[in-house]
There are 4 protein chains.
Amino acid sequence: MSIIKDYSLWEEGLRKILWAKRFMPVLDQIRKDYIDKKPLSGVNVAISVHLEAKTANLALLLKDLGANVYVTGSNPLSTQDDVAAALVHEGLEVFAIRGATEEEYFYHLKKTLENDINLIIDDGGDLTYLLHTELENLSDRIMGGCEETTTGIIRLKALEKEGKLKFPMIAVNDAYCKHLFDNRYGTGQSTWDGIMRTTNIMVAGKHVVVAGYGFCGKGIAKRAQGLGAKVIVTEVDPVKALEAYMDGFDVMKMEDAAKIGDIFITATGCRDVIRYEHILQMKDGVILANSGHFNVEIDIATLEKKALKKYEARKNIQGYVLENGREVFVIAEGRLVNLAAADGHPIEIMDMSFAIQALSSIYVAQNHEKLERKVYNVPGEIDRFVAGVKLKSLGIEIDRLTFDQEKYLESWEV
Amino acid sequence: MSIIKDYSLWEEGLRKILWAKRFMPVLDQIRKDYIDKKPLSGVNVAISVHLEAKTANLALLLKDLGANVYVTGSNPLSTQDDVAAALVHEGLEVFAIRGATEEEYFYHLKKTLENDINLIIDDGGDLTYLLHTELENLSDRIMGGCEETTTGIIRLKALEKEGKLKFPMIAVNDAYCKHLFDNRYGTGQSTWDGIMRTTNIMVAGKHVVVAGYGFCGKGIAKRAQGLGAKVIVTEVDPVKALEAYMDGFDVMKMEDAAKIGDIFITATGCRDVIRYEHILQMKDGVILANSGHFNVEIDIATLEKKALKKYEARKNIQGYVLENGREVFVIAEGRLVNLAAADGHPIEIMDMSFAIQALSSIYVAQNHEKLERKVYNVPGEIDRFVAGVKLKSLGIEIDRLTFDQEKYLESWEV
Amino acid sequence: MSIIKDYSLWEEGLRKILWAKRFMPVLDQIRKDYIDKKPLSGVNVAISVHLEAKTANLALLLKDLGANVYVTGSNPLSTQDDVAAALVHEGLEVFAIRGATEEEYFYHLKKTLENDINLIIDDGGDLTYLLHTELENLSDRIMGGCEETTTGIIRLKALEKEGKLKFPMIAVNDAYCKHLFDNRYGTGQSTWDGIMRTTNIMVAGKHVVVAGYGFCGKGIAKRAQGLGAKVIVTEVDPVKALEAYMDGFDVMKMEDAAKIGDIFITATGCRDVIRYEHILQMKDGVILANSGHFNVEIDIATLEKKALKKYEARKNIQGYVLENGREVFVIAEGRLVNLAAADGHPIEIMDMSFAIQALSSIYVAQNHEKLERKVYNVPGEIDRFVAGVKLKSLGIEIDRLTFDQEKYLESWEV
Amino acid sequence: MSIIKDYSLWEEGLRKILWAKRFMPVLDQIRKDYIDKKPLSGVNVAISVHLEAKTANLALLLKDLGANVYVTGSNPLSTQDDVAAALVHEGLEVFAIRGATEEEYFYHLKKTLENDINLIIDDGGDLTYLLHTELENLSDRIMGGCEETTTGIIRLKALEKEGKLKFPMIAVNDAYCKHLFDNRYGTGQSTWDGIMRTTNIMVAGKHVVVAGYGFCGKGIAKRAQGLGAKVIVTEVDPVKALEAYMDGFDVMKMEDAAKIGDIFITATGCRDVIRYEHILQMKDGVILANSGHFNVEIDIATLEKKALKKYEARKNIQGYVLENGREVFVIAEGRLVNLAAADGHPIEIMDMSFAIQALSSIYVAQNHEKLERKVYNVPGEIDRFVAGVKLKSLGIEIDRLTFDQEKYLESWEV
């Protein structure tokens, strides 16, 4: 029995799903290649990914490949109720409601896992977390799974290091066709989509502070510059800091950037990157947003405690009046802004990321007996296959090495 | 008696207005400078500008400067009903409803003009049009007005050329602080805000065709490149075409661009720039949007007539199935995409444009007896004043010429 | 009798001229169109333009159009002796030597003018200056001329304002096909060519201070950003300052920029933009360069007087040890860096600028009797002709307005 | 006994070395840290790196750290004779002459190795090659070495794979502080420096074809775009091809790009990337340049054989008249353009790369007994040290993880 907000919303949800489908040629190709073989036949799959139209296409593909699919969200604010309804309409079981409380959210995750799940598709690591704590008893049936995010993989590797990981997991984020594109071009565009549509303010000319210069931060910074902003990067890694400098950005400590920035965006995977001490240094009227997976990058908790007043400044924007008389504005309560304040990544990006998910799921289903309780990289051929299909869908042909060239590349003689 | 959709929406409208006010320091400074002098005392002003939160701030400023303000929209799809309600709540008379039919829309304009109007603030020229045709009898009372757009100014100059213009009009669009910023940075950002939020598709990698390389087209092309797209420009003016080429864009005829583009955006001020013959050449699934003032740049009329089927592909996106089996998607029925599918220009941009409007209105009120029935440029000191206030609000100080430098610049000797 | 350095250099000079010719399709087209008509037949033309391979092509074209051509330079450091030799080899008279002293330089100008000159092509205004002072007696024969630079036009307008201008001059710089392209793309690229080849330092990451945000400054700033630098703009005009801000650059006073910059480039047309007081604020080891016409934008004179020591730090780089112990490095003695430290504008740019020159010269020759002693704009049809030929040479076709579109643009009715 | 061109050139060479030294803060810091410890005391080091001012600073540093340094070039066209003279003046032995024939070049390498060499610093793999073939007998004394380039590492790994590698080699290219910066920002800037100064043609508007989208290709493409060009990328790897597409570049096969490009640049590390069959497809007057290590990327050999005529079109530019009547222009005979037609990488870049070299050399000297006959990565702490020193020299401070943040990053629980 599904748990969703309102079944009657299914028609608008289905429209969104079909729209997305148009821009997902790689998933389409996988469907064509595998629909007859049904490689996931009999596998019970739990999907905990931001529940919107693109994810729905992954869920429907897995169903077409033979799986029994159980869907939940990975963040209460990113769930789209109409899409959830459409998936139920299409015969899937769904456990997700937008705006669920923390407690309800975990309840939905548990209801999802209580379906004899064999394979998980996780995004941030919450399913994995439950299967290693409260629902540990269900972990025996799990043949393995895939994890989508940097954050989730950090958590998985911590588990693996402590020798506690209970099933093999594929680090989807580490595939080239995922992190090169999703984290940079996806987060880059959708973060700004979310900020622009929520605030209606000008980006050009602004001082934008980007915390973290990993692939997400690189994408956010690049698009900020493309929109005419001046970018300041904060980092803890000297090599990445230097890369930001060479890319033409200012680099400094957050305590210094705090005084200059007009818009602050966190993308580190770490907590407390913007702390209350920083917020007190900021100019009146600055905007804070988070693009990392969890809403811990900006220390909202302390802000809530210390602010004199909190109010809704505009839809999805929380205004805080500080003790120093200034105000700061937080978008979507510091949850990841591209999902909580926009429609997540552009469709084409998730087509590739989810193609990696789908093929990795098949890989787990077919190879789980040989796999150890480790975090695995995505097999290289999956990466190349996805890139190849995407290029083909774009009508792009590329060169091939000639025999002489291959020989040359293998030789050490002049 | 105002004509609006629903008075009860005023609170959300007021929130939007106050949010915008935060980012409008130039209007704020004008209020401070003039509130005691009330330079518009006793003047009845009609405002026909896209009715949303920024425009509301102009209307409220003019009221604070002493005017009796009557507000209508300048496009049925850009009116925001909650903002209209808030203005009524603040004591203004408003005649505008989102989604009004053509007939209703003109009825609202007329109701606005039937208030002993002396001064008009026009956007696209519809008030002016009525005052030269159906409501010609009301034109005697008009001391003059201001026109915001390129399109409107083209119409005004046509009137002037035929010797029919009935009152002086200030070409606000031609002020540096308007067209340099509004048309480039405003249209550039907000066009892409509208396209991204409406479609959720990737911009990076796409072939974007921009029709027209005036200031609007320049802004749209620059932001497209900033978002990772490959830009193709079409133009009728060889100098502008060459400028686009040197800016690193491909330049070609629309009939050639039609075959390559993924997203098409018109910004020419002209009609039928994308014609049915071009649409038939396009790839399956392309997106068409218009950033020009009127919805005539894409020939929607012929498309409606010839398409086999029309359906709502996603909210605010019309899908058309063509006779050749392909589909094209039009955003917001070809109306100007930044207003019909987003919140219009960024706030800071309209702060400057509306500052020009406000100061030009004062100028008209104070000088109308000396002015002829002509289209006037904005006085240079207004431009410099607005730029100066904006810089000051940003905390930016600039150099001044020394005495020796001024002398040098005036000299022809070595 | 020509005055040049060394006739034997002609072969290398000719090679440079022929190389440039390859990339000058517009001059080529003018040659084809006019070679039979010889519109400059019997006209004695003096050319004072930076004497290198592109200028040589203009000189040779004018000769082919019937003129008797006398060539000098417009800056002692920009003259290329091999090109001068090649022009003599081709039968022209040339008066220019690289590295001439101020006195020698003016001597060369005078020798050029003492050839019954009727028409001058000036670059910076030195010929004009002589014809209004020392050689005033020769001005009666002058039917008019063309001026290439912003600097020269400022001087001409000062003359005109004082009622002293003795013959009509065409302001070539104000043609779209000149200042839109030459000043932005030409100066932009060649300034950086000069700085990079002279210093071998990294541009990416550096703080580059650009003084002046006219068309030259815009080009320099844009290319700086394209090379990965962070740009700071200084300006005296608030509208241009705001434009720089919106283009994503920092804007501040020179006294503040002085403390931050790594590389400083002046492009204002004014004197003493970087003064000794600024230089004392600078970090150790900064680079100073000038892209304006005259070497007065950086106050080298005071620097020479106050520095403890001056030495050649690298070829064409002067190191100065300051009283505060720091050093600054000046490229090419503060002369315009793209000519004194590189090969001037890219060839294609000068093709267009010189096409304007050639056609304007013909225009003066044919219309001088109707022209007054004023500064004239380049006729619009010359601009459009040049843009059209350039587009054609690139194989670019553009749209034309349909009849209905033209009618629409002329109409004021809906 | 050194073998150089002309000792009397030493003064200009020394000036270049001292200029470079100014911009090499990381080498400076290493000198300060190690000068007392003399970690290379008694080690005979052979350096085969492009012999110009930056390399000279590495050589002088190694000498200061105690080594006996023997210097040769790594490409006959990149050797600067004045710098070679200056090194001899400073007491080093040097074996290199610009423009040496193939035979002479290898003679110089051999003379260098015949000095009881223990440690090699190689660039492209020519020293290594000799030590595995003709001079195999000298390989016993070698404790190990460092290799600078992608090309050299490909050759080393081929040797290792065949089990033939005779001593441990550090893959300097694979250090982050090398390939992230050197290959992208170094090659990017210096390639365009070389092309612009050699040709004087406009980059803006041109179609630039970049073969290979590794780190070098990425840098070249990015700077091309920054200079206003339209970029086409060719690739053999689908993931890299897709990355180029998402970065906003056109991607196609060389046979298709050949018809469109105005400027072609190879950066693949492979041979015959531009073949005669491609050249025959090209437009008249295109420019070909190579940024890869060896001059085999453009098939010059076949071009030489098939062309009707070859001539010097401009200094360092070879013009070829093809059988189809068109001409193509090759810069610097297809040798790596940034060294053969400019001054190589910007100084600051080589400061970092050579810091890796110096520290890796110390590492080899101190650990060679523990190292196997393998290709080793640069130890991570060397990378971080170099990045840290560089940041410090720029006055940049970065954040540090707090205790709570470190704990958070190691945890898998919510």
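Colleague: Which residues of chains B and A meet in a salt bridge at 3.3 Å, N to O?

Modeller: The side chains of Arg15(B) and Glu312(A) do. A salt bridge is a side-chain nitrogen of Lys or Arg within 4 Å of a carboxyl oxygen of Asp or Glu. This is a predicted model: local features need pLDDT of at least 70, side-chain atom pairs count only at pLDDT 80 or more, and totals for chains, interfaces and linings use all residues. Residues are numbered from 1 along each chain as its sequence is written, chains are lettered from A in the order in which they are written, and side-chain values use heavy atoms, with hydrogens and water left out.

Colleague: How many salt bridges are there between chain B and chain A?

Modeller: The count is 10. Between chain B and chain C it is 6. In one salt bridge, Glu243(C) pairs with Arg184(B), with the closest N and O atoms 2.8 Å apart.

Colleague: How do I read the size of an interface?

Modeller: It is often given as the accessible area lost when the parts come together. Buried area here uses a 1.4 Å probe and is summed over both parts. Chain B and chain A bury about 3500 Å², 54% of it on carbon and sulfur atoms. Trp19(B), Asn200(B) and Met202(B) supply 20% of the area that chain B buries there, more than any other three residues.

Colleague: What area do chain B and chain C bury between them?

Modeller: About 5800 Å², with 69% on carbon and sulfur atoms. On the chain B side, Asp399(B), Tyr408(B) and Trp412(B) lose the most area to chain C, together 15% of what that side buries. In contact (heavy atoms within 4.5 Å) are 67 residues of chain B and 67 residues of chain C.

Colleague: And packed helices?

Modeller: Two packed helices are described by the angle between their axes and the distance between the axes. Helices are DSSP runs (H or I, at least four residues), numbered from the N terminus. Axes are lines fitted to C-alpha atoms over the stretch in contact, and angles run from 0 to 180 degrees between N-to-C directions. Take α10 (residues 238–246) of chain B and α16 (residues 380–393) of chain C: the angle is about 45° and the axes are 8 Å apart.

Colleague: Why are α10(B) and α16(C) called oblique?

Modeller: Angles under 35 degrees count as roughly parallel, over 145 as roughly antiparallel, 65 to 115 as roughly perpendicular and the rest as oblique. At about 45°, α10(B) and α16(C) are therefore oblique to each other.

Conventions
Helix = DSSP H or I, 4+ residues; strand = E, 2+ residues; numbered from the N terminus. Buried area = accessible area lost by both parts, 1.4 Å probe.
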